[in-house]
Amino acid sequence: MRCWQELSRVKVSHLTADALQAQDEAYIASLQPKRQVVKPQAPTPVVAPVPAAPKLSPEEEAKLDRQRRLTDMIKKGRLDSLRPFVAKYPDEITSSALATASSAAQEEVLAYLLEEVKLDPTESVEGRKPYDHSSSKGTRNVYRRLAFKQPELWDWKEAHVPSGLSEEKEEEENKKKADRRKGLKEKLKERDRQRAEEEEEEQKKKAAEAPPPEPVSTGTGRTGPQKLGGKIGGEGNLAGMTPEMRMRVERERRARAAEARFAK
């Protein structure tokens, strides 16, 4: 009933002129198209130009080329070409040449650079001493021989050279190395001999466990020793014989046939 009254009763409200004007403006504003809000665009990042590599002068390019040639001569062990190069450009030979010769295992070049050019082995090259760049025992011994001959030339402990190496000590080390190799060869020979004996024993064991071969039947049904020959022309007696035995039987048959012909 209440709903009926609410729906059927006319409601009257009194609005002021300002309120009516506000409603009109709101209605007119609702009819206008809505403006799209433009979002501000992010600024485009500015990429800094990559600085170009500085151009080398002709003198710098020539020096760089000489360093490449020097490295190539050291790695290939070209001592004959290295000597005039060092004499012509002595200021461009540094301790890095020692590291290059050590890593390339060029013993003669390394000895020349240490003993004649007298490059400093205590200077670090790429964070390590030239001795630490050695790739073989031979190059390490070059440092140790010079440390024994001229202990006061450099601070060999600073150069990471463990100790000097005399000729007697080197011969002793080589002898120990040869003895170790000889002992290793003897061990290998002994191992091969034992392996051969084991294989031979295994073969004997298999042969002993194998069943005996069955006797070959001659077709006569007789056992025991048989007389060679037999009836002339009897091919059945030759069954099961070896080629040598067959030849002997055949010769005996021919001899008996010849005797029978002479007896007539």
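**Close-up views of helix packing and a pocket**

**View 1. Helix 6 against helix 7.** The axes of helix 6 (residues 107-115) and helix 7 (residues 137-149) come within 9 Å and cross at roughly 25°. The model is predicted, so local features need pLDDT of at least 70 and side-chain atom pairs count only at pLDDT 80 or more, while totals for chains, interfaces and linings use all residues. Residues are numbered from 1 along each chain as its sequence is written, and side-chain values use heavy atoms, with hydrogens and water left out. Helices are DSSP runs (H or I, at least four residues), numbered from the N terminus. Axes are lines fitted to C-alpha atoms over the stretch in contact, and angles run from 0 to 180 degrees between N-to-C directions. Helix 6 and helix 7 are therefore roughly parallel to each other (angles under 35 degrees count as roughly parallel, over 145 as roughly antiparallel). Their crossing is right-handed (the near helix is turned clockwise from the far one by less than a right angle). On helix 6, E107, L110, A111, L114 and E115 meet G138, T139, V142, Y143 and L146 of helix 7 (contact means heavy atoms within 4.5 Å). The residues of this contact divide into six nonpolar, two polar and two charged (Ala, Val, Leu, Ile, Met, Phe, Trp, Tyr, Cys and Pro count as nonpolar, Asp, Glu, Lys and Arg as charged, and the others, Gly among them, as polar).

**View 2. Helix 7 against helix 8.** Between helix 7 and helix 8 (residues 167-209), the axes come within 11 Å and cross at roughly 155°. The two helices are therefore roughly antiparallel to each other. Helix 7 passes helix 8 in a right-handed crossing. K137, N141, R144 and R145 of helix 7 meet K169, E170 and E173 of helix 8. By class, the residues of this contact are six charged, one polar and no nonpolar.

**View 3. Helix 4 against helix 6.** Helix 4 (residues 79-88) and helix 6 have axes that come within 11 Å and cross at roughly 20°. That makes helix 4 roughly parallel to helix 6. The crossing is right-handed. L79, L82, R83 and V86 of helix 4 make the contact with E108, V109, Y112 and L113 of helix 6. Six nonpolar and two charged residues take part, with no polar ones.

**View 4. The second largest pocket.** This pocket holds about 160 Å³ of space (the space filled by probe spheres set on grid points, which are joined across faces, edges and corners). On a 1 Å grid over the protein atoms alone, a pocket is an open set of points where a 1.4 Å probe fits, with protein on both sides within 12 Å along at least five of seven lines; lining residues have an atom within 4 Å of a point. The lining has 14 residues, of which T71, S96, A97, A99 and T100 lie nearest the centre of the pocket. Helix 3 (58-75) and helix 5 (96-103) each supply at least two lining residues. Helix 5 gives the largest share, five residues. Five nonpolar, seven polar and two charged residues make up the lining.

Key:
Angles under 35 degrees count as roughly parallel, over 145 as roughly antiparallel, 65 to 115 as roughly perpendicular and the rest as oblique.
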